[in-house]
Amino acid sequence: AIQVATTLILVSPKFLFHVQSDVNELSTTEDKSLLNEYVLANRLSYFLWSSMPDQVLRSAAQNKNLSSSLPSQLKRMLSDEKSRSFIENFTGQWLQLRKLADARPDPELFQGIDTALIQDMRRETEEFVGYVLRSDQSILELLDSNYTFANEQLSKHYGLKPDGDATRRGLVRHALETGTRGGLLMHASILTLTSNPNRTSPVKRGSWILEHLLGAPPPPPPPNVPALDERKDTADVITLREKLELHRAQPDCAACHNQMDPLGFALENFDAVGRWRDFDGSSPVDTTGNLSGGRAFKNAQDLKQLLVSTESKRFSRCLIENLLTYALGRGLEASDYGTVEAIRRDLVRDNFRAGSLLLGIVTSPQFQGNASP
């Protein structure tokens, strides 16, 4: 009997998952304002620390001043080492960094790309996103910045001058020259994640940008679409870009590939593990393209600047949607999008500061438990 009861407890969803209960469902006798403070402390802690509230949060809840002190609590909690779990889990979910561990670049084509380097690639992106969020930078720096985070191994991989404070394990903030690697699109983690084991994939890279930065994922490919000709003898006489141009000539493929491929072509100066190159085999790399509406770009730097100047609305909306999804632990529904837009408007008024984004999330009706999921 004890075994059966224990088994039922261990498989209960309320044991396996952190359940976000509505305040009004919790009690009809307790002081609901106090109860709401404890629920808020719990939600805030699991959002930013992936763990239970500490004594400071519990005391603020008991004194009924947690809601009024959210800005200072956010700053305190983000500066705590425990917020690393938030950065790791959120970037793993939003940017799909959790899939990077499965990346297997061809060891004959890309020598020296070991597990340690791939882990450093992921850590670079986590440190970068964490810095923007913790230090209240503009979220547009995620698209284009003049710095990254690197250690000796990553600096060598990128061809950067090593920073004197960097070690093999420790990543430090590394200033970049104008027109080089700044921004997520030029991180080796993203470039490796969106490549095939033996070559780059403009299609994957373009699709990733549409889905994870602009919130406009392309539809799945239609059935019975022939794959690209990957034979080595054809690679010697026709470039990858030319193959994709032939692919786009098919009516069933054109609509989606006309959106994805140009975005991916802009990143062709970076090989399948994120190293700079000027040639793809024996052919010079062609990084020119156009965004929708005929907005032309010459290379990845041009593309970044276009995204910052003309796509800030779509990017900020996409980031808000992903962060709110993570904070609530559920997918968004139609009733949530008014909140998304309200947070976006406040974000624009505050010059896209990350602090405004995070405060908007934790003060939203959905996060506070005052709106039905």
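Trainee: I'd like to start with a charged pair: which residue forms a salt bridge with Asp271?

Mentor: Happy to begin there. Arg275 is the partner of Asp271, and their closest N and O atoms are 3.1 Å apart. The general idea is that side chains of opposite charge can pair when their charged atoms come close. Keep in mind that this is a predicted model.

Trainee: Is Asp271 buried or exposed?

Mentor: Asp271 is buried, because its relative accessible area is 9% and buried means under 20%. Arg275, at 24% relative accessibility, counts as partly exposed.

Trainee: How many salt bridges does the count come to?

Mentor: The count comes to 17 salt bridges. One of them joins Arg76 and Asp54, with the closest N and O atoms 2.9 Å apart. This pair links distant parts of the chain: Arg76 sits in helix α6 (residues 70-79), while Asp54 is in the loop between α4 (32-48) and α5, and the two are 22 residues apart. Arg76 is partly exposed, with a relative accessible area of 26%, whereas Asp54 counts as buried at 17%.

Trainee: Which residue forms a salt bridge with Glu311?

Mentor: Arg295 does, and the closest N and O atoms of the pair are 3.0 Å apart. Glu311 counts as buried at 7% relative accessibility, and Arg295 is partly exposed at 22%. Salt bridges can also share partners: Arg317, Glu321, Glu341, Arg344 and Arg345 are joined that way into one network.

Trainee: Let's turn to helices. Which residues of helix α5 are buried?

Mentor: First, the general idea. An α-helix has 3.6 residues a turn, so residues three or four places apart point the same way. In helix α5 (residues 55-62), the buried residues are Leu57, Ala60 and Ala61. Seen down the axis of α5, these buried residues fall within an arc of 100°, so they line one face of the helix.

Trainee: What follows α5?

Mentor: Lys64 follows α5, and the phi of Lys64 is positive, near 60°.

Trainee: Now the surface, please. Which residues form a nonpolar patch there?

Mentor: The patch is formed by Val4, Leu8, Ile9, Leu10, Val11, Phe15, Leu16 and Phe17, which together have about 840 Å² of accessible area. Two elements, α1 (2-10) and α2 (13-16), each give two or more residues to the patch. The most comes from α1, with four residues.

Trainee: Could we look at one member? Where is Leu8 placed, and is Leu8 buried or exposed?

Mentor: Leu8 is in helix α1. Leu8 is exposed, because its relative accessible area is 56% and the cut-off for exposed is over 50%.

Trainee: Let's finish with the whole chain. How many helices and strands are there?

Mentor: The secondary structure comes to 19 helices and six strands. Of the 373 residues in the chain, 49% are buried. The accessible surface comes to about 18,800 Å², with 52% of that area belonging to carbon and sulfur atoms.

Trainee: And what do the contacts in the chain join?

Mentor: Take the contacts between residues at least 6 apart in sequence: 65% of these join residues at least 24 apart.

Conventions:
Residues are numbered from 1 along each chain as its sequence is written. This is a predicted model: local features need pLDDT of at least 70, side-chain atom pairs count only at pLDDT 80 or more; totals for chains, interfaces and linings use all residues. Side-chain values use heavy atoms; hydrogens and water are left out. Buried means under 20% relative accessible area, exposed over 50%, partly exposed in between (1.4 Å probe, protein chains only). Contact means heavy atoms within 4.5 Å. Accessible areas come from the Shrake-Rupley method with a 1.4 Å probe; for residues, only the protein chains shown count as cover. Patches are made of residues with over 30% relative accessible area and no salt bridge: like charges are joined within 9 Å, nonpolar side chains (Val, Leu, Ile, Met, Phe, Trp, Tyr) within 5 Å. A salt bridge is a side-chain nitrogen of Lys or Arg within 4 Å of a carboxyl oxygen of Asp or Glu. The arc is that of the directions from the helix axis to the C-beta atoms.
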